[in-house]
Amino acid sequence: MPKHVDPDARRRHVVDALFRVVVREGLHRTSLRTVADEAQLNIGSLRHYFASQQDLMRFAMQSMLDRVGSRLLEHVERIGDLGNRPRPEQLQLAAGLLAELLPLDEHRRAEVTVFLDFNTAARTNPAFGDLSRQAAEGTRSLTRRVLTRLCAEGALRPGLDLDIETERLTALLDGLSLGAVLHPEILSPRACVDVLLTHLGELSLPIGAPDSAH
């Protein structure tokens, strides 16, 4: 009797294998054959789920965006009402949410590595352009949401241009991600978090100053 295979589980298994290959060898050396070997599947089985390398890459990128999005939603739920928390805790919670986009552990390092390789490919391959843009817009939406929430709770200095600060914070996250993936011996996870917290701290009211929203 043939063994039942869960198609969704199989796709996730293949995507995990693709991530490992990309992290180890780079996207430009990743093929259906190398992913099939990594997943310990024959290439015919892989083609049953993905007709081409491009289909596999798109599915992997979308899966990564979905995973990160789910984690971010969980963090948003945990943050709760920032207004009932001391200002240092507000900044810590905001930094923890944004840090989900940084390569602070093996899992997130793999995601960021794949993301960077994918975006490099998207520069010259229009088939990936929509997902690359979706990721860029998602990061900006998240940073704007965090800054708007902090501002509404009176945690930020008055008079900040949130459009400019959204771009500054997004650029900081992008730079930390790239630096930490390329040179982890120079830019450690702890340093990434410290830089992020310092930046948020510089946007906030001094400790002891009255909240501008109250």
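Rings of Phe, Tyr and Trp (its six-membered ring) pair if their centres lie within 6.5 Å; planes under 30 degrees apart count as stacked, over 60 as edge-to-face and the rest as tilted. The model is predicted: local features need pLDDT of at least 70, side-chain atom pairs count only at pLDDT 80 or more, and totals for chains, interfaces and linings use all residues. Residues are numbered from 1 along each chain as its sequence is written, and side-chain values use heavy atoms, with hydrogens and water left out.

**Exercise 1.** Find how many aromatic pairs the whole structure holds, and classify the pair of Phe118 and Phe128.

Solution. 
- Count: the search of the whole structure gives 2 aromatic pairs.
- Geometry: in one of them, Phe118 and Phe128 have ring centres 4.7 Å apart and planes at 40°, which is tilted.
- Location: Phe118 belongs to helix α6 (residues 106–122) and Phe128 to the loop between α6 and α7 (129–152), so the pair links parts 10 residues apart in sequence.
- Burial (under 20% relative accessible area, with a 1.4 Å probe and protein chains only): Phe118 is buried at 3% relative accessibility, and Phe128 is buried at 5%.

**Exercise 2.** State which charged side chain sits over the ring of Phe19.

Solution. 
- Criterion: NZ of Lys or CZ of Arg must be within 6 Å of the ring centre and within 35 degrees of the ring normal.

**Exercise 3.** Describe the surroundings of Thr170.

Solution. 
- Element: Thr170 is part of helix α8 (residues 162–182).
- Contacts (heavy atoms within 4.5 Å): leaving out residues up to four places away in sequence, Thr170 touches Thr139, Arg140 and Thr143.

**Exercise 4.** Summarise the whole protein: its elements, its burial and its charges.

Solution. 
- Elements (DSSP runs, H or I of at least four residues for helices and E of at least two for strands): there are 9 helices and 0 strands.
- Extent: along the principal axes, the C-alpha atoms fill a box of roughly 70 × 40 × 30 Å.
- Burial: 42% of the 214 residues count as buried.
- Contacts: of those with a separation of 6 or more, 69% come from residues 24 or more positions apart.
- Charges (Lys and Arg positive, Asp and Glu negative, with His and the chain ends not counted): there are 26 positive and 29 negative side chains, and the centres of the two sets are 4 Å apart.

Notes
Buried means under 20% relative accessible area, exposed over 50%, partly exposed in between (1.4 Å probe, protein chains only). The place of a charge is taken as NZ of Lys, CZ of Arg, CG of Asp or CD of Glu.
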